[in-house]
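I am opening my notebook for a slow walk through one protein model.

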Amino acid sequence: MPVIVLIASTLIFWLIYWFVRMDGLDHVREYFRHRKDTARRIKARETERTGPLSAVDDPRDAAIVLMLLIPRGGDPTASQLAAIESKMRSVFGFDRDLEERLTHARFTASRAQGFAEAAGLFAGLFNKQLTADERRELVDMVEEIARIDGGPSAAQTEAIDVLKRKVGLAPAAGNAVAPPPLR
(Lines give C-alpha, C1' and ligand atoms only; values in the text may rest on other atoms or scores of the structure.)
Protein backbone atom coordinates (compact mmCIF):
# COMPACT_ATOMS: atom_id res chain seq x y z
CA MET A 1 0.00 0.00 0.00
CA PRO A 2 2.75 2.53 0.82
CA VAL A 3 4.30 1.84 -2.62
CA ILE A 4 1.05 2.78 -4.38
CA VAL A 5 0.83 6.00 -2.36
CA LEU A 6 4.46 6.78 -3.24
CA ILE A 7 3.86 6.20 -6.97
CA ALA A 8 0.63 8.26 -6.92
CA SER A 9 2.23 11.13 -5.04
CA THR A 10 5.21 11.12 -7.43
CA LEU A 11 2.87 11.27 -10.43
CA ILE A 12 0.92 14.10 -8.87
CA PHE A 13 4.16 15.97 -8.06
CA TRP A 14 5.40 15.70 -11.69
CA LEU A 15 1.99 16.66 -13.04
CA ILE A 16 2.00 19.81 -10.90
CA TYR A 17 5.62 20.50 -11.89
CA TRP A 18 4.67 20.11 -15.59
CA PHE A 19 1.77 22.56 -15.19
CA VAL A 20 3.79 25.17 -13.31
CA ARG A 21 7.31 24.99 -14.73
CA MET A 22 6.78 23.58 -18.24
CA ASP A 23 3.69 25.60 -19.23
CA GLY A 24 1.36 22.62 -19.03
CA LEU A 25 -1.67 24.87 -18.70
CA ASP A 26 -0.73 26.61 -21.95
CA HIS A 27 -0.53 23.21 -23.67
CA VAL A 28 -4.01 22.32 -22.42
CA ARG A 29 -5.39 25.70 -23.51
CA GLU A 30 -3.78 25.30 -26.95
CA TYR A 31 -5.30 21.83 -27.31
CA PHE A 32 -8.81 23.09 -26.62
CA ARG A 33 -8.28 26.18 -28.80
CA HIS A 34 -7.19 23.92 -31.65
CA ARG A 35 -10.30 21.74 -31.24
CA LYS A 36 -12.52 24.83 -31.22
CA ASP A 37 -10.82 26.23 -34.35
CA THR A 38 -11.17 22.90 -36.14
CA ALA A 39 -14.88 22.74 -35.33
CA ARG A 40 -15.30 26.34 -36.50
CA ARG A 41 -13.49 25.57 -39.78
CA ILE A 42 -15.64 22.50 -40.41
CA LYS A 43 -18.80 24.53 -39.81
CA ALA A 44 -17.53 27.30 -42.11
CA ARG A 45 -16.81 24.81 -44.91
CA GLU A 46 -20.28 23.29 -44.55
CA THR A 47 -21.87 26.75 -44.60
CA GLU A 48 -19.83 27.65 -47.68
CA ARG A 49 -20.94 24.46 -49.42
CA THR A 50 -24.65 24.80 -48.60
CA GLY A 51 -24.71 28.62 -48.84
CA PRO A 52 -26.06 28.70 -52.40
CA LEU A 53 -28.83 26.27 -51.41
CA SER A 54 -29.77 28.30 -48.36
CA ALA A 55 -29.76 31.53 -50.38
CA VAL A 56 -32.57 30.37 -52.68
CA ASP A 57 -35.65 32.37 -51.74
CA ASP A 58 -37.91 31.71 -54.74
CA PRO A 59 -39.79 28.39 -54.70
CA ARG A 60 -39.62 28.28 -58.51
CA ASP A 61 -35.82 28.33 -58.41
CA ALA A 62 -35.84 25.68 -55.68
CA ALA A 63 -38.15 23.51 -57.82
CA ILE A 64 -35.74 23.80 -60.76
CA VAL A 65 -32.86 22.69 -58.52
CA LEU A 66 -34.87 19.65 -57.39
CA MET A 67 -35.74 18.78 -60.97
CA LEU A 68 -32.04 18.95 -61.84
CA LEU A 69 -31.13 16.69 -58.91
CA ILE A 70 -33.69 13.92 -59.43
CA PRO A 71 -32.13 12.27 -62.55
CA ARG A 72 -30.06 9.14 -62.04
CA GLY A 73 -26.47 9.99 -61.30
CA GLY A 74 -27.36 13.64 -60.74
CA ASP A 75 -26.64 14.72 -64.31
CA PRO A 76 -29.78 15.26 -66.42
CA THR A 77 -29.93 13.94 -69.96
CA ALA A 78 -30.79 16.12 -72.94
CA SER A 79 -34.43 14.99 -72.86
CA GLN A 80 -34.67 15.74 -69.15
CA LEU A 81 -33.13 19.18 -69.65
CA ALA A 82 -35.62 19.85 -72.44
CA ALA A 83 -38.48 18.84 -70.15
CA ILE A 84 -37.12 21.06 -67.35
CA GLU A 85 -36.85 24.01 -69.75
CA SER A 86 -40.39 23.34 -70.94
CA LYS A 87 -41.64 23.41 -67.33
CA MET A 88 -39.70 26.61 -66.73
CA ARG A 89 -41.49 28.25 -69.64
CA SER A 90 -45.00 26.86 -69.23
CA VAL A 91 -45.39 26.57 -65.45
CA PHE A 92 -43.02 29.23 -64.11
CA GLY A 93 -43.28 31.75 -66.95
CA PHE A 94 -39.53 32.11 -67.47
CA ASP A 95 -38.94 33.12 -71.08
CA ARG A 96 -36.44 35.96 -71.17
CA ASP A 97 -34.13 34.86 -68.36
CA LEU A 98 -34.48 31.10 -68.89
CA GLU A 99 -30.79 30.41 -69.56
CA GLU A 100 -29.64 32.60 -66.67
CA ARG A 101 -31.97 30.90 -64.19
CA LEU A 102 -31.08 27.43 -65.48
CA THR A 103 -27.36 28.16 -65.19
CA HIS A 104 -27.82 29.47 -61.66
CA ALA A 105 -29.94 26.45 -60.74
CA ARG A 106 -27.30 24.07 -62.12
CA PHE A 107 -24.63 25.77 -60.00
CA THR A 108 -26.86 25.57 -56.93
CA ALA A 109 -27.64 21.91 -57.62
CA SER A 110 -23.93 21.14 -57.89
CA ARG A 111 -23.45 22.32 -54.30
CA ALA A 112 -25.95 19.81 -52.87
CA GLN A 113 -24.78 16.40 -51.73
CA GLY A 114 -27.99 14.91 -53.01
CA PHE A 115 -31.68 15.33 -53.63
CA ALA A 116 -32.64 14.60 -50.01
CA GLU A 117 -30.37 17.34 -48.66
CA ALA A 118 -31.78 19.91 -51.08
CA ALA A 119 -35.36 18.81 -50.35
CA GLY A 120 -34.69 19.21 -46.64
CA LEU A 121 -33.25 22.69 -47.08
CA PHE A 122 -36.08 23.80 -49.36
CA ALA A 123 -38.93 22.24 -47.33
CA GLY A 124 -39.44 25.33 -45.17
CA LEU A 125 -39.56 27.55 -48.25
CA PHE A 126 -42.11 25.30 -49.95
CA ASN A 127 -44.27 24.92 -46.85
CA LYS A 128 -44.26 28.66 -46.19
CA GLN A 129 -44.83 29.99 -49.70
CA LEU A 130 -46.77 27.28 -51.55
CA THR A 131 -50.31 26.03 -51.13
CA ALA A 132 -51.01 22.31 -50.81
CA ASP A 133 -52.05 22.17 -54.49
CA GLU A 134 -48.83 23.90 -55.55
CA ARG A 135 -46.78 21.46 -53.47
CA ARG A 136 -48.61 18.55 -55.15
CA GLU A 137 -47.84 20.12 -58.54
CA LEU A 138 -44.18 20.40 -57.51
CA VAL A 139 -44.03 16.71 -56.61
CA ASP A 140 -45.77 15.84 -59.90
CA MET A 141 -43.18 17.86 -61.86
CA VAL A 142 -40.30 16.12 -60.10
CA GLU A 143 -41.92 12.72 -60.71
CA GLU A 144 -42.40 13.60 -64.38
CA ILE A 145 -38.70 14.42 -64.76
CA ALA A 146 -37.82 11.13 -63.00
CA ARG A 147 -40.03 9.15 -65.40
CA ILE A 148 -38.13 10.41 -68.44
CA ASP A 149 -35.56 7.92 -69.74
CA GLY A 150 -37.07 4.88 -68.04
CA GLY A 151 -37.49 6.04 -64.47
CA PRO A 152 -38.26 6.33 -61.70
CA SER A 153 -35.76 3.98 -60.14
CA ALA A 154 -35.99 2.78 -56.56
CA ALA A 155 -33.62 5.54 -55.44
CA GLN A 156 -35.66 8.19 -57.26
CA THR A 157 -38.90 6.86 -55.77
CA GLU A 158 -37.34 7.01 -52.30
CA ALA A 159 -36.11 10.56 -52.94
CA ILE A 160 -39.58 11.63 -54.09
CA ASP A 161 -41.08 10.05 -50.95
CA VAL A 162 -38.64 12.12 -48.88
CA LEU A 163 -39.83 15.25 -50.70
CA LYS A 164 -43.47 14.33 -50.08
CA ARG A 165 -42.82 13.89 -46.36
CA LYS A 166 -40.86 17.15 -46.13
CA VAL A 167 -43.60 19.20 -47.79
CA GLY A 168 -46.38 17.53 -45.80
CA LEU A 169 -47.97 15.44 -48.55
CA ALA A 170 -47.22 12.02 -47.03
CA PRO A 171 -47.39 10.82 -43.44
CA ALA A 172 -44.02 10.56 -41.70
CA ALA A 173 -42.60 7.06 -41.44
CA GLY A 174 -43.99 5.27 -38.42
CA ASN A 175 -46.73 7.90 -37.98
CA ALA A 176 -49.22 6.43 -40.42
CA VAL A 177 -52.80 6.92 -39.37
CA ALA A 178 -54.56 3.67 -38.60
CA PRO A 179 -57.78 3.01 -40.52
CA PRO A 180 -61.01 3.41 -38.55
CA PRO A 181 -62.28 0.20 -36.90
CA LEU A 182 -64.88 -1.84 -38.76
CA ARG A 183 -68.36 -1.95 -37.24
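Which residues of the largest nonpolar core touch the most other members? Before answering, I note that this is a predicted model, where local features need pLDDT of at least 70, side-chain atom pairs count only at pLDDT 80 or more, and totals for chains, interfaces and linings use all residues. Residues are numbered from 1 along each chain as its sequence is written, and side-chain values use heavy atoms, leaving out hydrogens and water.

**Entry: the core**

I looked up the term: a nonpolar core is a set of buried Ala, Val, Leu, Ile, Met, Phe, Trp, Tyr and Cys residues joined through side-chain atoms within 4.5 Å. Buried means under 20% relative accessible area, exposed means over 50%, and partly exposed lies in between (1.4 Å probe, protein chains only). The answer is Ile-64, Leu-66, Phe-115, Phe-122, Phe-126, Val-142 and Leu-163, in a core of 40 residues. At least two core residues come from each of α3 (59-69), α4 (78-90), α5 (98-110), α6 (115-129), α7 (132-147) and α8 (154-166). Helix α3 supplies the largest share, 8 residues. My helices are DSSP runs (H or I, at least four residues), numbered from the N terminus.

I then picked Leu-163 and listed its contacts (heavy atoms within 4.5 Å). Leaving aside residues up to four places away in sequence, Leu-163 touches Leu-66, Phe-115, Ala-119, Phe-126, Val-139 and Val-142.

**Entry: a patch on the surface**

Which helix gives the most to the nonpolar patch? It is α1 (residues 2-21), with 9 residues. Patch members have over 30% relative accessible area and no salt bridge, and nonpolar side chains (Val, Leu, Ile, Met, Phe, Trp, Tyr) are joined within 5 Å. Together the members have about 1100 Å² of accessible area, and among them are Trp-14, Trp-18, Met-22 and Leu-25. The areas come from the Shrake-Rupley method with a 1.4 Å probe. I found Leu-25 in helix α2 (residues 24-55); Leu-25 is partly exposed, at 39% relative accessible area.

**Entry: charged pairs**

Side chains of opposite charge can pair when their charged atoms come close. For a salt bridge, a side-chain nitrogen of Lys or Arg must lie within 4 Å of a carboxyl oxygen of Asp or Glu. By this rule I get 9 salt bridges.

One of them joins Arg-101 and Asp-58, with the closest N and O atoms 3.8 Å apart. Arg-101 lies in helix α5 and Asp-58 in the loop between α2 and α3, so this pair ties together parts 43 residues apart in sequence. Arg-101 and Asp-58 are buried.

Another salt bridge joins Lys-87 and Glu-144, at 3.1 Å between the closest N and O atoms. Lys-87 sits in helix α4 and Glu-144 in helix α7, so the pair links parts 57 residues apart in sequence. Lys-87 counts as buried at 15% relative accessibility, while Glu-144 is partly exposed at 32%.

**Entry: back to Arg-101**

Which residues are linked with Arg-101 in a network of salt bridges? I found Asp-58, Arg-60, Asp-61 and Asp-97 there. Asp-97 meets Arg-101 at 3.0 Å, N to O, and Asp-97 is partly exposed at 29%. I also noted polar contacts (N or O atoms within 3.5 Å, one able to donate a hydrogen and the other to accept it; residues adjacent in sequence count only if both atoms are side-chain atoms). Such a contact of 2.8 Å joins the side chains of Arg-101 and Asp-61, and one of 2.9 Å joins those of Arg-60 and Asp-58.

How values were computed
Patches are made of residues with over 30% relative accessible area and no salt bridge: like charges are joined within 9 Å, nonpolar side chains (Val, Leu, Ile, Met, Phe, Trp, Tyr) within 5 Å.
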